[in-house]
Amino acid sequence: MLNMFIVSILQILPKNFVWIFSKRYIAGEELHNAVEVTLKLNNQGIKASMDLLGEFQTRAEKVEYYKKEYLRLIEESVLKGLDNSFSVKPTMFGLLLDPGMCYQNVREIVAKAASLGRFVRIDMEDTQCTSMEIDLFKRLLEEFPNNVGLVLQAYLRRTLDDLRDLVAFDHGRGLINIRICKGIYTEPSELAFKDREEINRNYLADLEYMFENNIYAAIATHDKKLIAGAFRLISTCQVKPDMYEFQMLYGVTPELRRSIVEKGSNMRVYVPYGKDWLNYSTRRLKENPRMVTHIIKALFARG
């Protein structure tokens with residue numbers, strides 16, 4: 001209840017105060033902030049997935065702005081020689097306004113990235129978007145087979161079926177690249193597993209299916225048990241190092257991240273940035289109020 005209360009008052013607190021809670025997890029407001037963070041990660045042997053904040057857009061003019069910003073981000077990444085990919089949320093580009101407009105905007109971004117040898121991942125949002133985002137991915141994959149990936153969420157009951165569908169769609173080409181995460185949106189129990197152990201079992205079942213069916217696996221988790229389970233599956237399924245990587249969020253469990261890198265596994269860190277950081281932060285906390293406790297602990301631990 002305390003967590004929920006704190007989340008409910010975030011919107012009326014001074015922005016500078018909320019930034020105290022957020023700055024550990026967000027690169028900054030401007031592109032150069034994200035570039036600086038990505039360069040630091042690259043120097044540690046870590047790749048990045050850069051993400052401009054601003055999902056669930058309802059105005060067409062804002063959609064156009066974000067498209068131009070992503071095109072600028074891609075060009076700047078190549079200019080700076082960054083080892084990074086890009087993550088895009090389709091609702092930023094009008095998915096819930098006009099799916100056709102969304103496709104054209106995201107296609108332009110993927111085409112730009114592909115022309116420069118870069119990779120774009122279609123992020124997954126709440127369940128009103130799931131089928132549309134899978135369809136968007138399939139459509140783009142046909143035109144840009146080596147430059148686009150997708151995110152799936154292990155807590156959804158449908159995910160293993162979605163993986164089976166993608167394998168059938170792939171026809172043995174080996175083009176499917178999936179970031180598998182637990183999922184953070186609040187969904188009804190008929191659509192999503194609620195028990196933590198059940199979610200973890202489903203996560204590992206999804207991951208095992210990916211390994212067995214030639215799907216590139218981006219293993220996105222901070223859960224030590226899941227990471228240990230992933231390493232067991234990698235060994236059992238004899239997965240080659242170029243068929244998987246681990247992914248983590250910027251500012252979260254850096255010690256655990258370092259331990260994985262020291263084992264020789266590829267690591268990619270999700271680097272969010274942008275002026276919409278306040279909305280991003282409050283949405284994340286509303287979706288998962290338990291994060292408040294961890295943030296408060298971190299705040300006091302760091303003085």
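Which element gives the most to the lining of the second largest pocket? In the model, which is predicted, strand β2 gives the most, with 3 residues. Residues are numbered from 1 along each chain as its sequence is written, and side-chain values use heavy atoms, with hydrogens and water left out. Because the model is predicted, local features need pLDDT of at least 70 and side-chain atom pairs count only at pLDDT 80 or more, whereas totals for chains, interfaces and linings use all residues.

The second largest pocket has a volume of about 390 Å³. A pocket is an open set of points on a 1 Å grid over the protein atoms alone, where a 1.4 Å probe fits, with protein on both sides within 12 Å along at least five of seven lines; lining residues have an atom within 4 Å of a point. The volume is the space filled by probe spheres set on the points, which are joined across faces, edges and corners. Of the 27 lining residues, Phe119, Arg121, Asn146, Asn177 and Arg268 are the closest to the centre of this pocket. Two or more residues each come from β2 (84–88), β4 (148–153), β5 (177–181), β7 (244–249) and β8 (267–273). Strands (E, at least two residues) and helices (H or I, at least four) are DSSP runs, numbered from the N terminus. The lining divides into 10 nonpolar, 10 polar and 7 charged residues, where Ala, Val, Leu, Ile, Met, Phe, Trp, Tyr, Cys and Pro count as nonpolar, Asp, Glu, Lys and Arg as charged, and the others, Gly among them, as polar.

Helix packing was examined next. Helices α3 (residues 31–43) and α4 (residues 60–80) pack at about 40°, with their axes 11 Å apart; axes are lines fitted to C-alpha atoms over the stretch in contact, and angles run from 0 to 180 degrees between N-to-C directions. That angle makes α3 oblique to α4, since angles under 35 degrees count as roughly parallel, over 145 as roughly antiparallel, 65 to 115 as roughly perpendicular and the rest as oblique. Leu31, Val35 and Leu39 of α3 meet Arg72, Leu73, Glu76 and Lys80 of α4, contact meaning heavy atoms within 4.5 Å. This contact has 4 nonpolar, no polar and 3 charged residues.

Helices α5 (residues 99–115) and α6 (residues 130–143) pack at about 45°, with axes 11 Å apart, and α5 is therefore oblique to α6. Pro99, Cys102, Tyr103, Val106, Arg107 and Val110 in α5 meet Met132, Leu136, Arg139, Leu140 and Glu143 in α6. By class, 8 nonpolar, no polar and 3 charged residues form the contact.

For α8 (residues 196–212) and α9 (residues 224–236), the angle is about 25° and the axes are 10 Å apart; the two helices are therefore roughly parallel. Their contact includes Tyr203 and Phe211 of α8 and Leu226 and Ile234 of α9, and has 8 nonpolar, 2 polar and 3 charged residues.
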